[in-house]
Amino acid sequence: MTGTGAAAARPRTGRAPRKGWTISYSPDVLATFVAIFGLAFIPVLGSLGALLFLMGGMALVLSRPGETLAALRREWMVVLMALWCLMSFAWSDYPSLTLRYGIQLCLTVAIAVAMAYRLAPMTFVKILFVVSSLAGLASLASGRSRSDGMGYLGIYASKNALANASALLVIVALALLLDRRLPARWRLPALGSLLMGTMLLVMGKSSGALVSTLGVVLAFGAIVLLQRLAPHVRLVMVAMAVVLATALGIILSFFAAELSQMFLDLTGKDVTLTGRTDLWAVAFQEIAERPILGTGFQAFWVQGNPLAEQLWAMFGIGSRAGFHFHNTLISNMVEIGLVGGTLQAVIFFAALVSSLTWAIRSPSAASVFFALFMVRQFLLMWIEVAYFLQFELSSVITIAAVCYGHAFRSAQRGPASSAPAPKGRAGLPAVT
């Protein structure tokens, strides 16, 4: 029996083809890897890391400008948010700084949207896993700790930065590990990275990161449970959970003082949680004075600003940098007003709901990762500034979650919805 076509033309060597890893080349994947690697290693590479992000990201954006513009038009709310931050230089207290950071945010948004529209979600998550694992290994190899012994640093400048990177590694490794459709060559390394991320998280001694990661684990359990239920049962369970959470919150409020003191004793924080009430008093005063427009994008914590100098001195921040209002909504409304802050919140909460819905209705490593990541961002936003920042990996992932969530909603509405999913995301919601 003879073959035809290519099979007939192939020489017979008498040996079966070798099995193993197959390496394929994709310019989009390579550009995205370079960009994300640059962001993850900015603590080590400095401005070179930012340059790698721009080189890889802009190669992605400019390789197919027509598709990039179409993607940006589809994600018009994210683009509008970035443009609002950029335009705030017109009323900013420090216009040159706001203009610079606003341009950087616009570039970050364009690159993140291009990534989400060019790559399938699973590919995006795999790149994050590889880069996060490399950063974890580099942190272990560095051996750096704080001089006072109050936490491990790794390659980062602060224990909170290490904790955030380690939490990201835990989340992405957990999502890959528990997706049974993935081959062992992904799940086994994911197990090792999960253990490494957990170890770094504990070594960092960041109470906020530990609490938020615990919340993510609980959210994962809830997602797994809801995946197994019929749609009408899910609705009942969610309603019951809301009622129980409300009742529990009311009951715990009667013991707020005792619980707060217990938490403070365990974490070593002061009674106002690092002086947040004093910070928020200043923030609310600023919002009251300029409620609509704000002070300008990233135009408050600037050396020379009297209020910022006063707060730095009050809290002993000798570097006069790396400080914020410890609440995303408050911080953003100080800088970009109620208009910009509300727009950012709408974008974020829509992505949170879409990611959770995607994970419950179409479970996969990708959908579960984005759901858990957005849950952690939600938990962090009350104590940190979680979104949207320029040249920052968490903000890129958040924007990707916005785009993938948008695609999932469009797919759920069916072909009668506005526009078909772009090429890079045609697989949603059946992610592979």
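Gln-298 counts as buried because its relative accessibility is 18%, where buried means under 20% relative accessible area, exposed means over 50%, and partly exposed lies in between (1.4 Å probe, protein chains only). The structure is a predicted model, in which local features need pLDDT of at least 70 and side-chain atom pairs count only at pLDDT 80 or more, while totals for chains, interfaces and linings use all residues. Residues are numbered from 1 along each chain as its sequence is written, and side-chain values use heavy atoms, with hydrogens and water left out.

**Surroundings of Gln-298**

Gln-298 is found in the loop between α14 (276-289) and α15 (306-314); helices are DSSP runs of H or I with at least four residues, strands are runs of E with at least two, and both are numbered from the N terminus. Its side chain makes a polar contact with the side chain of Gln-390 at 2.8 Å. A polar contact is a pair of N or O atoms within 3.5 Å; within protein, one atom must be able to donate a hydrogen and the other to accept it, and residues adjacent in sequence count only if both atoms are side-chain atoms. When neighbours within four places in sequence are left aside, Gln-298 is in contact (heavy atoms within 4.5 Å) with Tyr-101, Glu-335, Leu-389 and Gln-390.

The loop between α14 and α15 also holds Ile-292, which counts as partly exposed because its relative accessibility is 46%. Together with Leu-293, Leu-338 and Val-339, Ile-292 forms a nonpolar patch on the surface, with about 290 Å² of accessible area in total. Patches are made of residues with over 30% relative accessible area and no salt bridge, with like charges joined within 9 Å and nonpolar side chains (Val, Leu, Ile, Met, Phe, Trp, Tyr) within 5 Å. Accessible areas come from the Shrake-Rupley method with a 1.4 Å probe, and for residues only the protein chains shown count as cover.

**Salt bridges**

A salt bridge is a side-chain nitrogen of Lys or Arg within 4 Å of a carboxyl oxygen of Asp or Glu. By this rule the model has 7 salt bridges, including those in the table.

| Pair | N to O distance |
|---|---|
| Arg-118 and Glu-67 | 3.7 Å |
| Asp-93 and Arg-290 | 2.9 Å |
| Asp-179 and Arg-181 | 3.4 Å |

Asp-93 is partly exposed, with a relative accessible area of 38%, and Arg-290 is partly exposed at 29%. In another pair, Asp-179 is buried at 8% relative accessibility, whereas Arg-181 is exposed at 56%. Salt bridges that share partners also join Asp-28, Arg-64, Glu-67 and Arg-118 into one network.

**Nonpolar cores**

In soluble globular proteins, nonpolar side chains tend to be buried together. A nonpolar core is a set of buried Ala, Val, Leu, Ile, Met, Phe, Trp, Tyr and Cys residues joined through side-chain atoms within 4.5 Å. The largest nonpolar core has 90 residues, and those with the most contacts inside it are Met-81, Met-115, Phe-124, Phe-369, Phe-370 and Ile-397. Helix α9 (residues 159-177) gives the most to this core, with 11 residues. Apart from this core lies another, of 14 residues, among them Val-282, Ala-308, Trp-312 and Val-334.
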